[in-house]
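Here is a short report on a two-chain model. Please look over the sequence and the coordinates before reading on.

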Amino acid sequence: MRYGTGPEVLRDINLKIDQGSFHFLTGQSGAGKSSFLKLIYLAARPSRGLISLFDHKIAALPRRELPALRRRIGVIFQDFRLIEHLSTFDNVALPLRVAGLAEDKVKENVTELLTWVGLADKINARPPTLSGGQQQRVAIARAVIGRPSLLLADEPTGNVDDDMGLRLLRLLEEMNKLGTTVIIATHNQHLANRIGHARIHLKGGQIAVSRA
Amino acid sequence: MLRQRYDISFDSDGSVRFLPWLLALMVYLAALAIAGMLLLSGTLSDWNRGLAGVLTVELPPAPAGAAGSDPAPVLDLLRDTPGVLSAQPLSRDAIAKLVEPWLGSGFAVQDLALPRLIDLRVDPDHPPDLPELRAKLAGLMPEANIEEAHQRFDKLFDLAVSVELTALAIVILIAGCAIISTIFTARAGLAVHHDVIEILHLLGAHDAYITRQFGRQALLLALRGGIVGLGLAIVTLLGLGHASAAAGFLGEGVRLLPVVTLRPWHWAILVLLPFAAALIARVTARLTVARALARMP
C-alpha cells in the first residue's frame with residue numbers, strides 16, 4: 001500500500017485473521033499500523049494485492065455493497081473522531097441510524113449502552129465539554145453499539161492512564177469473548193505484554209505474527 | 001420532511017448563507033422575465049385572435065361608371081364563397097380616414113386614385129380556399145388582390161416572438177446560474193464537512209444517506225430564497241401594474257406604459273417558481289455530492 005506516489009508503507013503482507021480472535025498490532029510510530037487498520041476498515045484501498053473480509057473479496061465487490069460490510073466493523077479511532085456538534089447520544093446513535101434502525105430501538109439501545117459505560121448523565125453533552133476519558137468512552141460506545149463482528153482500535157489507550165487503559169482492554173476482551181474479532185493497534189508494548197494475546201508486529205511495512 | 005435531523009452541521013457553513021440571497025435574486029429576475037413573456041404571449045395571442053378571419057380585398061381605383069369598375073360582381077362572388085361570413089365595402093370616408101395619418105385631413109378624397117377596399121370576414125375554423133378564391137377574383141378583376149391582415153403584422157409578430165425567445169433564454173440562463181451556484185455551495189459544504197462525511201461513510205452510511213442531507217438543506221435554502229425573490233417580484237409587478245394604470249395615455253389608444261395585468265394562471269405559474277428553484281437546487285446538490293462520494297473508497 002502507498003499514499004499517492006509516495007513510498008510503500010506496507011508490503012508483502014500475507015495474513016489471515018480468524019473470526020473470534022484477539023490480536024495486538026504493534027510497531028513503532030510510523031510503522032504502518034494505522035494504514036494497516038485503514039485497509040481493514042475500508043478507508044483505503046491497497047495499491048496492489050487482495051483483501052478478503054467476511055469471505056468477500058473487497059476488490060471484486062461493487063461499491064454499493066461496501067456500506068453493509070462497514071457496518072459489521074466497529075472502529076475506535078486514535079483521536080476518537082466524534083462529531084462535535086452532535087450530543088453524546090447522537091454520536092453513539094449514528095451507526096444505528098445509518099443502518100436505518102427505528103428511532104425507538106435507537107433510543108433504547110443507546111441509553112442502555114451509555115448507562116453501561118457510565119455516561120448516562122452526559123447523554124446531552126457535546127464532545128468538547130467532555131473529558132478525554134469520557135470522549136473515549138463515547139467513541140467506544142459508538143464502535144460497539146452495532147454489535148460489530150470485527151472491532152478495530154487504533155491506539156485506544158493513547159490518551160488515558162494505564163489503569164483506564166487496562167479497564168478499556170478488559171472491556172474489549174469481554175467483547176471478544178462474545179465472538180467479536182478484536183485488533184488493537186498500540187505502540188505500548190508494556191500494555192500488550194500485560195494482557196497477552198497474539199501479536200502482529202509491523203516493522204518497515206512488513207509483518208511478523210507471534211502467538212501469546 | 002422539514003423537521004428531519006441533520007448529522008452535518010450546515011449552520012456552521014458560511015457558504016450556505018449566500019445561497020438563499022443568490023436564489024432570491026435569480027427567482028426575482030426569472031419571475032420578471034416570465035411575467036414579461038406571459039404578457040407578451042397573451043398580447044400576441046389576442047392579436048392573433050383579433051386578426052384571424054380578417055381579410056381585405058383590394059380593388060384597383062376606377063372612376064365611377066368606368067368599364068369594369070362595378071364591385072358588385074366581386075361582392076357577389078365573395079358572399080357566395082363558402083367560409084366567407086361577410087363582405088363589406090369600405091366607404092370613401094373610411095378609406096380617407098385610413099390614409100389620414102400619412103396625408104392629413106385637408107385633401108379631397110375624390111381627387112385621389114385610392115384603391116377600393118372590401119372588408120372580408122371569414123370563418124377562422126372553416127376558412128375559404130384562398131388560392132381558388134384569388135383565381136376566381138382574377139377572372140372578374142385581374143388587378144384585384146386579397147390581403148390577409150396577418151401579413152401586415154408579420155414583422156411585428158416576428159419581433160414579439162424574438163422578444164419572447166430572448167426572455168426564455170434569460171430564464172434558462174438564470175436556471176443555469178442557479179445550478180452553478182448550488183454546485184459551488186455543495187462543493188464548499190463537502191470541503192467544510194469532509195471529516196463528518198468521512199465518519200458517516202466509515203460507519204456504513206450509503207451515499208444516499210449523505211446526499212439526502214445535502215439535498216434537503218439545498219431545498220430549504222432555495223425555497224427560503226425563492227419565496228423572498230417571488231415576494232419582491234410580486235411587489236414589482238403590482239407596482240408596474242399600478243403605474244401603468246395611473247400613467248394614462250399619450251394619445252388616442254397609445255399608453256404611456258404597457259399594460260401589466262397578469263391573469264390568474266400567470267400568477268399561478270409565478271408562484272411555482274420558488275418550488276422549481278428548490279427542486280433544481282435539491283437535485284443539483286444531491287448529484288454534486290453523489291459525484292464526490294463516488295470518489296471515496
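The model is predicted.

## Parallel strands in chain A

Start with strand β5 of chain A, residues 150-154. Four of its five residues are buried, so β5(A) is largely enclosed by the rest of the structure. Strands pair with β5(A) as follows. Strand β4 of chain A, residues 73-76, is joined to β5(A) by four bridges, and the two run parallel. Strand β6 of chain A, residues 181-186, is joined to β5(A) by five bridges, again in parallel.

Individual partners can be named. Ile73(A) stands opposite Leu150(A) in β5(A). Gly74(A) faces Leu151(A) of β5(A). For Ala153(A), the bridge partner in β6(A) is Ile184(A).

How is β4(A) covered on its two faces? Ile73(A) and Val75(A) are buried on one side, and Gly74(A) and Ile76(A) are buried on the other. In general, side chains of a regular strand alternate between the two faces of the sheet.

## Helix α4 of chain A

Helix α4 of chain A covers residues 103-116.

The buried residues of α4(A) are Val106(A), Val110(A) and Leu114(A). Seen down the helix axis, they fall within an arc of 45°, so they line one face of α4(A). That buried set packs against two helices of chain A, α3 (88-98) and α5 (132-144).

The face turned away from the buried side carries exposed residues. These are Asp104(A), Lys105(A), Glu108(A), Glu112(A) and Thr115(A). Just after α4(A) comes Gly118(A), with a positive phi of about 80°.

## Chain B at a glance

Chain B has nine helices and six strands. It holds 297 residues, of which 29% count as buried. Consider contacts in chain B between residues at least 6 apart in sequence: 83% of them join residues at least 24 apart.

## The antiparallel sheet of chain B

Four strands of chain B form an open sheet. Their order is β2-β3-β1-β4, with antiparallel pairing. The edge strands are β2 (84-89) and β4 (145-148) of chain B, each pairing on one side only. Neighbouring strands of this sheet are turned by 25° against each other on average, direction ignored.

Take one pair from the sheet. β2(B) and strand β3 of chain B, residues 116-122, pair in the antiparallel sense over five bridges. Ala87(B) stands opposite Leu120(B) in β3(B).

Which helix lies across β1, β2 and β3 of chain B? It is α2 of chain B, residues 72-80. Helix α2(B) runs at about 160° to β2(B).

Helix α8 of chain B spans residues 207-247 and includes Leu219(B). Leu219(B) has 22 C-beta neighbours inside 10 Å, so it counts as buried, the cut-off being 20 or more. Setting aside residues up to four places away in sequence, Leu219(B) touches Ala278(B), Ala281(B) and Arg282(B).

With 28 other C-beta atoms within 10 Å, Gly226(B) is buried. Which residue 202 places away in sequence lies 4.8 Å from Gly226(B), C-alpha to C-alpha? That residue is Ala24(B).

Gly226(B) has contacts in separate parts of the chain, not counting residues up to four places away in sequence. Among them are Leu23(B), Ala24(B) and Val27(B). Others include Leu273(B), Pro274(B), Ala277(B) and Ala278(B).

## Where the chains meet

The contact takes 18 residues from chain A and 13 residues from chain B. On the chain B side, the largest share comes from helix α7 of chain B, residues 194-202, with four residues. By class, the side of chain B that touches chain A has eight nonpolar, four polar and one charged residues.

Methods:
Residues numbered from 1 in each chain as written. Chains lettered and ligands numbered in written order. Predicted model: local features only at pLDDT ≥ 70, side-chain atom pairs only at ≥ 80, totals over all residues. Expected span 1.5 Å × (residues − 1). Buried ≥ 20, exposed ≤ 12 C-beta atoms within 10 Å, placed from the backbone. Arc of directions from axis to C-beta. Contact = placed C-beta atoms within 7 Å. Pairing = 2+ DSSP bridges. Axes fitted to C-alpha atoms, helices over the stretch in contact; angles between N-to-C directions. Nonpolar A, V, L, I, M, F, W, Y, C, P; charged D, E, K, R; others polar.
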